[in-house]
Amino acid sequence: MKTEFDKSSEREIHITRGYNASRERLWEMYTQAEHLKHWWGPEGWTLPVCELDFRVDGVWFYCMAGPDDVTSCGKATYLQIDAPRRLVYTDEFADAEGNVMDDFPAAHITVDFSEDNGQTTVRSIVRYDTKEQRDQIVDMGAEAGIDQTLNRLQAYLESTA
């Protein structure tokens, strides 16, 4: 299935992707470190650091390792958990020690999981404080990276079916 992007809102990116898997299975993929480490990140990247405290106010600290020794870390803080329907968190760029990097914008992310006849649609709304912040992330290649990441999720789902 194809990843759909909608940027008609000035401060948001809407991302929709369908999967041939149950909502509970997709929920596990998004909320358990043992699954995230297999698919999170664009093609050619790995997730050597994936420390997850999955609870409201808990933190997911992760570092992706890419080609040419490039690393990219993030720090997500969970704001709302409604298993297996909705996940709300902030996601910020961080250094390798987990310190938030203020020169990059924070994202407020809502992920909704809906199932119909064994097909699950995952809808994410990624919101920034300003249009300029949203555009900064888009200009960094976020759409290609997100699409590749969700393609990796699809492949991982198929490999673990």
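Trainee: How many aromatic pairs does the structure hold?

Mentor: The model is predicted, so local features need pLDDT of at least 70 and side-chain atom pairs pLDDT 80 or more, while totals for chains, interfaces and linings use all residues. Numbering runs from 1 along each chain as its sequence is written, and side-chain values use heavy atoms, without hydrogens and water. Rings of Phe, Tyr and Trp (its six-membered ring) pair if their centres lie within 6.5 Å. The number of aromatic pairs in the structure is eleven.

Trainee: What is the geometry of the pair F54 and Y78?

Mentor: The ring centres of F54 and Y78 are 5.0 Å apart and their planes are at 85 degrees. Planes under 30 degrees apart count as stacked, over 60 as edge-to-face and the rest as tilted. The F54 and Y78 pair is edge-to-face.

Trainee: How many residues apart in sequence are the parts tied together by F54 and Y78?

Mentor: F54 lies in the loop between β3 (46–52) and β4, whereas Y78 is in strand β5; strands (E, at least two residues) and helices (H or I, at least four) are DSSP runs numbered from the N terminus. The pair therefore ties together parts whose separation in sequence is 24 residues.

Trainee: Which of the two is it, buried or partly exposed, for Y78?

Mentor: Buried means under 20% relative accessible area, exposed over 50%, and partly exposed in between (1.4 Å probe, protein chains only). F54, at 26%, is partly exposed. Y78 has a relative accessible area of 1%, so Y78 is buried.

Trainee: Which elements do the buried residues of α4 pack against?

Mentor: Helix α4 covers residues 142–159. Its buried residues include A142, G145, T149 and L150. With contact taken as heavy atoms within 4.5 Å, the buried residues of α4 pack against β2 (12–19), α1 (23–31), α2 (33–39) and α3 (131–139).

Trainee: Which element gives the most to the lining of the largest pocket?

Mentor: A pocket is an open set of points on a 1 Å grid over the protein atoms alone where a 1.4 Å probe fits, with protein on both sides within 12 Å along at least five of seven lines; lining residues have an atom within 4 Å of a point. The largest pocket is lined by 34 residues, of which W40, Y62, D91, A142 and I146 lie nearest its centre. With five residues, the element that gives the most is α4.

Note on methods:
Expected span 1.5 Å × (residues − 1).
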